[in-house]
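Hi there,

Here is the structure I promised to pass on to you. Have a look around it first, and then read my notes below.

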Amino acid sequence: MAIVDAKEMLLKATAERYAVGAFNCTNLIQMEAVVEAAVELKAPLILQASVAPSKFLSPAVIGVIYKTLAQSAPIPICLHLDHCSDVQFCKLCADAGYTNIMIDASKQEFSENIRQTKEVVDYCHRLGNISVEGELGTVSGVEDQVKVAEDEAQLCDPQQAMAFVEQTGIDIFAPAIGTAHGVYKTKDPRLDFDRLKKIAEMINGQKPRVPLVIHGGTGLQPDVVKKLVSLGGSKYNVSTDLKHTLIDTTYAYISDHRQEYNPGKIDASVKEAIKGRISYWIGLLGSAGKA
Ligand code: 13P
């Protein structure tokens, strides 16, 4: 079943008010762990690779791993290129079999953001069932090569959002509403729920048209996550949590087994730990049983 169009997957989630977990992976063990956890919970899934791991492993290798995992899984799975500010690299990943491309031109002027985003949309739509995610406003923090200082971050203007969606033809939309990449400095970051609600009503009020993405998923409290989903967020991005889990678990395992030289055991402990985190997120997002 498993290779599907992200837009269709997310329109269903928008209509039924749950969110699909979109999990950033940097290696094969993480990808396998994420897929296994989603299969066990019968949840639709978006695997994400940002630009650095996509370049390190190469889009072709990531594309083949994805196809192999997805074709044998009984759930719908997409492969998403995350936060790419380079139009040419977006096209390369689309050619390599990514099913979902995020062109992040959000640091550009509005008109230039539209121009670059539309170029990627036109290319991906010509190729076939490849969805494109665009961003308006900026999410603070660091995600791969995209760095935005807190005082540089700008929230998404709802009127501009409508124009952006219409003029670019994007399939999936990431409005900046105050979430941030990385670890939040406070337990209770200031998010603009009303802004999300307004944008969701304007774009998807009559019927779901362009699913909305919540970036900066790590570290938000469960009630906040549920509120963001209830207000219309149907793709929920998690990256930092999985990086920390990978590194902390590896470090703990090696510290506890200084005399052991068996990489397979480190991989197994990482896999179990990542699966635990994915189960947590899928439970919170309400996507279990929706595949
Ligand atoms: P976190 O790193 O805060 O989980 O954000 C992930 C993200 O938004 C990836 O695009």
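Below is what turned up, starting with the overall fold and moving on to the charged side chains.

Please keep in mind that this is a predicted model. The protein contains 11 helices and 10 strands. Its radius of gyration is 18 Å, which agrees with the value near 19 Å that a compact globule of 291 residues would have. Buried residues account for 55% of the 291 residues. If you take contacts between residues at least 6 apart in sequence, 74% of them join residues at least 24 apart.

Now for the charges. There are 30 positive and 35 negative side chains, and the centres of these two sets are 3 Å apart. Side chains of opposite charge can pair when their charged atoms come close. In the whole structure, 16 salt bridges were found.

One of them joins Asp 171 and Lys 7, with 3.9 Å between the closest N and O atoms. Asp 171 sits in the loop between helix H7 and strand E8, while Lys 7 belongs to helix H1, so this pair ties together parts that are 164 residues apart in sequence. Both Asp 171 and Lys 7 are buried.

Another salt bridge links Lys 91 with Glu 119, and here the closest N and O atoms are 2.8 Å apart. Lys 91 is in helix H5 and Glu 119 in helix H6, so the pair ties together parts 28 residues apart in sequence. Lys 91 counts as buried because its relative accessibility is 15%, under the 20% cut-off. Glu 119, at 28%, counts as partly exposed.

Finally, look for the salt-bridge network that links Glu 32, Glu 36, Glu 40, Lys 271 and Lys 275.

Happy exploring!

Note on methods
Residues numbered from 1 in each chain as written. Predicted model: local features only at pLDDT ≥ 70, side-chain atom pairs only at ≥ 80, totals over all residues. Heavy atoms only, no water. Helix = DSSP H or I, 4+ residues; strand = E, 2+ residues; numbered from the N terminus. Rg over C-alpha atoms; globule rule 2.2 N^0.38 Å. Buried < 20%, exposed > 50% of the residue type's maximum accessible area, 1.4 Å probe, protein only. Contact = heavy atoms within 4.5 Å. Lys, Arg positive; Asp, Glu negative; His and termini not counted. Charge placed at Lys NZ, Arg CZ, Asp CG, Glu CD. Salt bridge = Lys/Arg side-chain N within 4 Å of Asp/Glu carboxyl O.
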